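Let's take a walk through a protein fold together. Have the sequence and the 3D view at hand, and look each residue up as you read.

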Amino acid sequence: GLMDVVPRPTPSAGDLSTSELAAGGAAVRSELARLRPAWAAYTGKGVYRAVAGRAPTDYGVMRPPVAAGVGDFVLPSPSGRSGLPWAVKVAWYRQLAELLPPAPR
């Protein structure tokens with residue numbers, strides 16, 4: 001499933017207030033604890049920071065988990081504003097895909 005931290009469009013993440021991010025992060029943490037998916041993927045370090053309350057040092061698996069029993073994986077933002085080359089972004093998404101079980105057929 002998909003979940004927005006802040007459910008409104010903005011030109012950039014810089015247009016979101018600290019209170020919006022804090023409230024959105026709390027809502028995501030609550031849903032993770034309730035639903036307990038195998039993995040939560042965060043598209044961007046800022047998204048993870050809003051939910052976890054701490055900045056990631058890199059992309060990939062994060063520890064400790066935000067919610068007990070749920071793996072956390074930070075991905076580069078897919079936005080064209082991100083400075084990473086497309087091939088680097090795709091490599092991180094492939095790494096996450098290797099951790100996930102196959103989709104049912």
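## A sheet, its helices and a core

Val 61 has Phe 73 of β3 as its bridge partner. Keep in mind that what you see is a predicted model. Between β2 and β3 there are three bridges, and these two strands run antiparallel.

Now take in the whole sheet. It is open and built from three strands in the order β1-β3-β2, with mixed pairing. Because β1 and β2 (60-62) each have a single partner strand, they stand at the edges, and one side of each is left without a neighbour in the sheet. Ignoring direction, neighbouring strands here are turned by 30° against each other on average. In general, the strands of a sheet pair through backbone hydrogen bonds, either parallel or antiparallel.

| Helix | Residues in helix | Span, first to last C-alpha | Expected span |
|---|---|---|---|
| α1 | 18 residues | 26 Å | 26 Å |
| α3 | 14 residues | 21 Å | 20 Å |

Which residues of α1 are buried? They are Gly 24, Gly 25, Val 28 and Leu 32. These residues lie on the same side of α1 because they cover an arc of only 105° around the axis. Ser 19 and Arg 34, on the other side of α1, are exposed. Among what covers the buried residues of α1 are β1 (39-43) and α2 (45-52).

Finally, look for the largest nonpolar core, which has 20 residues. Val 5, Leu 32, Tyr 42, Tyr 48 and Val 74 touch the most other members of this core. Two or more residues each come from α1, β1, α2, β3 (71-75) and α3 (86-99). The largest share, four residues, is given by α2. Leaving out residues up to four places away in sequence, Leu 32 touches Pro 37, Ala 40, Tyr 42, Val 66, Ala 67 and Val 70.

Notes: Residues are numbered from 1 along each chain as its sequence is written. This is a predicted model: local features need pLDDT of at least 70, side-chain atom pairs count only at pLDDT 80 or more; totals for chains, interfaces and linings use all residues. Side-chain values use heavy atoms; hydrogens and water are left out. The expected span of a helix is 1.5 Å times one less than its number of residues. Buried means under 20% relative accessible area, exposed over 50%, partly exposed in between (1.4 Å probe, protein chains only). The arc is that of the directions from the helix axis to the C-beta atoms. Contact means heavy atoms within 4.5 Å. A nonpolar core is a set of buried Ala, Val, Leu, Ile, Met, Phe, Trp, Tyr and Cys residues joined through side-chain atoms within 4.5 Å. Two strands pair if DSSP finds at least two bridges between them. Axes are lines fitted to C-alpha atoms, for helices over the stretch in contact, and angles run from 0 to 180 degrees between N-to-C directions.
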